[in-house]
Amino acid sequence: MESTAVVPGAQAIARAAKLLRLVTSSGHDGASLQHLARSAELSRSTTHRLLSALRAEGLVDRDESSARWMPGPELFLMGSVAAARYDVTALARDIVRSLAVKTEESAFLSVRRADETVCLLREEGSFPIRSFVLSEGVRFPLGVASAGLAILAFLPDHDVDAYLERHPELESAWGRSHGARPLRTRLAETKERGYAVNPGLIVEGSWGLGAAVFDRSGRPEWALSLTGVEFRFGPDRIADLGRTLLAHAHQLSARISGARR
C-alpha cells in the first residue's frame with residue numbers, strides 16, 4: 001500500500017474525515033467551530049475551510065441560529081446504502097430493548113470501528129436516575145468504555161499489543177487507570193469474567209458493564225453494554241447483571257452469525 005504521505009490530497013482527506021467523525025459524534029446539538037478545531041488539532045481557518053467544503057457537498061450542515069455544525073443530508077443517504085452491508089441494528093434492536101427492560105438500566109449496542117467503538121443504539125431502562133456518558137454516535141477508544149474494554153479483551157494478544165503500542169496517549173488522555181499495566185489487568189479480568197466492568201473511570205459515579213458480540217469467524221466486532229449510577233452496581237447485582245448481559249450478547253452473536261450465512 002502507498003503511504004498517505006505520498007498520495008496527493010491524502011492529508012486533506014484525512015483531515016476532512018476526522019472532522020466528519022467529530023461532527024457525527026457530537027450528537028443532535030452539533031459542535032462549535034472552536035471545539036472542532038481544537039479536537040482536530042487544526043487552526044480555526046483551516047477547520048472552517050474544510051467544513052465549508054464539506055457543507056457544499058452536503059456532508060455537513062451549519063445551524064444558522066447557533067452556528068453549530070451538524071451531519072448533512074448526504075451522510076444519511078450514504079449511510080442508508082452502507083447499512084445494507086454493515087448495519088446490525090435491525091437484528092439487535094429488540095435484544096437491546098430486552099436488556100434494558102430486564103435490568104432497568106440504560107442498554108447500548110456499539111460497533112468496533114478501527115481503534116474505537118461507536119454507539120449505534122441506546123434504550124433507556126425504567127430506573128429514573130440515569131447515566132448519560134453514552135449515546136448514539138459517541139465514540140471511545142478501545143479499552144476506555146466498557147464496550148471497548150470487552151472487545152479489546154477478546155482480540156488476539158498480538159492485536160492488543162499492537163493497539164497499546166499505537167496509543168501511548170491513553171494514560172495522559174484518560175487518566176492513570178488507562179496506562180498499559182492497569183489496562184492489561186482489566187483486560188485479563190474481563191476475559192476471565194466474560195464481561196467488562198468500568199467502575200466510574202470515565203465519569204465518577206457512572207458505572208458500566210460490557211460484553212463482546214462476535215461475528216461468524218469469532219472476532220469481537222460489536223458489544224452490548226449497560227450503564228447506571230454506582231449504587232446500582234453492587235457486587236451481588238453486578239454478577240446478576242453480568243449473567244443477563246452475557247446471555248443477550250450470546251443471543252445477538254448467534255443471530256448475526258445466522259443472518260450472514
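## Packing of α6 and α9

In this predicted model, helix α6 and helix α9 (residues 180-193) have axes that come within 9 Å and cross at roughly 75°; α6 and α9 are therefore roughly perpendicular to each other (angles of 65 to 115 degrees; under 35 is roughly parallel, over 145 roughly antiparallel, the rest oblique). Axes are lines fitted to C-alpha atoms, for helices over the stretch in contact, with angles from 0 to 180 degrees between N-to-C directions. Helices (H or I, at least four residues) and strands (E, at least two) are DSSP runs numbered from the N terminus.

On the α6 side, L149, A150, L152 and A153 make the contact, and α9 contributes L183, R186, L187, T190 and K191 (contact means heavy atoms within 4.5 Å). By class, six of these contact residues are nonpolar, one is polar and two are charged (nonpolar: Ala, Val, Leu, Ile, Met, Phe, Trp, Tyr, Cys, Pro; charged: Asp, Glu, Lys, Arg; polar: the others, Gly among them).

## Packing of α1 and α3

Helix α1 (residues 10-24) packs on helix α3 (residues 44-56) at an angle of about 80°, and their axes are 10 Å apart. That angle makes α1 roughly perpendicular to α3.

From α1, the residues A12, R15, A16, L19, L20 and V23 meet T46, T47, L50, L51 and L54 of α3. The contact of α1 with α3 comprises eight nonpolar residues, two polar and one charged.

## Second largest pocket

The second largest pocket holds about 750 Å³ of space. Its lining has 19 residues, and K18, L22, S39, E116 and P141 lie nearest the centre. Two or more lining residues come from each of α1, α2 (33-40), β5 (139-141) and α8 (170-174). The lining has eight nonpolar, three polar and eight charged residues.

On a 1 Å grid over the protein atoms alone, a pocket is an open set with protein on both sides within 12 Å along at least five of seven lines, a cavity is a set of points where a 1.4 Å probe fits but cannot get out, and lining residues have an atom within 4 Å of a point. Points are joined across faces, edges and corners, and a volume is the space filled by probe spheres set on them.

## Confidence and conventions

The protein chain averages a pLDDT (the predictor's confidence in each residue, from 0 to 100) of 88, and 91% of the residues score at least 70. Confidence is lowest in helix α4 (residues 73-86), with a mean of 69, and highest in helix α6 (residues 146-153), at 97.

Local features need pLDDT of at least 70 and side-chain atom pairs count only at pLDDT 80 or more, whereas totals for chains, interfaces and linings use all residues. Residues are numbered from 1 along each chain as its sequence is written, and side-chain values use heavy atoms, with hydrogens and water left out.
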